Amino acid sequence: RSVVPAAFCPESRLIRKLVVPVLPLHCTVTLAVAVASRLRRISNPFRSLKRDDVLQADVERVAGVLGLGAKLDTVASTLSQGEKKLLDIASAFALNPTVILLDEPTSALDRSVQAQIVDLLRGLQARHGLAYLFISHDLAVVRALAHRVMVLRAGRVVEEGEAAVVFAAPRAPYTAALLAAAFPDRAVSAA
């Protein structure tokens with residue numbers, strides 16, 4: 001019987017919680033070094049570190065999938081906020097999970113960059129069969145990405161269901177109020 005948390009077991013394909021603190025992006029650190037450092041930090045700490053050639057292959061694979069391949073030699077401190085979010089997504093995606101927890105992955109980004117991140121997440125989901133547990137206060141992003149939604153108020157579920165149904169005809173007054181505040185151009189009321 002293992003005492004190693006499931007999130008660190010090689011056979012576990014569920015990342016229970018991914019907390020990757022932002023690296024101090026020194027002016028001399030390249031994106032390749034930053035990605036490699038993150039991959040080392042989130043890989044199984046109970047196994048020996050990957051060989052450098054395997055780690056380099058992982059860095060190149062992940063950077064390529066996320067469209068950062070041409071920027072591997074870029075100084076990490078010059079990355080935009082959107083590229084830093086991509087680095088966070090790369091850290092999770094590198095472990096080949098089936099489920100990724102995304103906690104406000106588009107916060108502090110402008111709408112055009114948010115759209116790029118959402119498109120990337122949709123593409124990864126379609127190509128790699130990923131599922132996301134997506135936590136957000138931005139209902140426009142939730143509507144763009146979610147298949148199912150759960151609305152919480154004070155830590156309690158007030159409504160859940162297919163995203164299209166909840167957005168079109170919310171049953172709970174709280175959900176209707178949230179939608180009315182997020183989308184003031186359309187009238188939304190609880191069914």
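Student: Among contacts in the protein chain between residues at least 6 apart in sequence, what percentage join residues at least 24 apart?
Tutor: First, this is a predicted model, in which local features need pLDDT of at least 70, side-chain atom pairs count only at pLDDT 80 or more, and totals for chains, interfaces and linings use all residues. Residues are numbered from 1 along each chain as its sequence is written, and side-chain values use heavy atoms, with hydrogens and water left out. Contact means heavy atoms within 4.5 Å. Among the contacts you describe, the share joining residues at least 24 apart is 53%.

Student: In what order do the elements of the protein chain run from the N terminus on?
Tutor: Helices (H or I, at least four residues) and strands (E, at least two) are DSSP runs, numbered from the N terminus. The protein chain has seven helices and four strands. From the N terminus on, they run α-α-α-β-α-β-α-β-β-α-α.

Student: What percentage of the residues of the protein chain count as buried?
Tutor: Buried means under 20% relative accessible area, exposed over 50%, and partly exposed in between, with a 1.4 Å probe and protein chains only. The protein chain has 191 residues, and the share that count as buried is 40%.

Student: Which residue forms a salt bridge with Lys-71?
Tutor: A salt bridge is a side-chain nitrogen of Lys or Arg within 4 Å of a carboxyl oxygen of Asp or Glu, and by this rule the count comes to four. Lys-71 is partly exposed, with a relative accessible area of 32%. The closest N and O atoms of its salt bridge are 2.5 Å apart, and the partner is Glu-83. The pair links distant parts of the chain, twelve residues apart: Lys-71 is in the loop between helix H2 (52–65) and H3, while helix H3 holds Glu-83.

Student: How many residues apart in sequence are the parts that Asp-138 and Arg-111 tie together?
Tutor: Asp-138 is buried at 17% relative accessible area, whereas Arg-111 is exposed at 52%. Their side chains meet in a salt bridge of 2.9 Å, N to O. Asp-138 lies in the loop between strand S2 (131–135) and H5, and Arg-111 in helix H4, so the distance along the sequence between the parts they tie together is 27 residues.

Student: What separates the C-alpha atoms of Glu-104 and Val-141?
Tutor: Glu-104 is placed in the loop between strand S1 (99–103) and helix H4 (111–128). Leaving out residues up to four places away in sequence, Glu-104 touches Lys-85, Ile-135, Ser-136 and His-137. Along the chain, Glu-104 and Val-141 are 37 residues apart, and the separation of their C-alpha atoms is 9.7 Å.

Student: Within what arc do the buried residues of H7 fall?
Tutor: Helix H7 (residues 173–182) has Thr-175, Ala-176 and Leu-179 as its buried residues. They line one face of the helix, because, seen down the axis of H7, they fall within an arc of 100°; the arc is that of the directions from the helix axis to the C-beta atoms. In general, an α-helix has 3.6 residues a turn, so residues three or four places apart point the same way. For H7, then, the arc is 100°.

Student: Which exposed residues sit on the face of H7 turned away from its buried side?
Tutor: The buried residues of H7 have cover that includes helix H5 (139–145), strand S3 (148–153), strand S4 (156–162) and helix H6 (163–168). The face turned away from that buried side carries the exposed residues Pro-173 and Ala-181.
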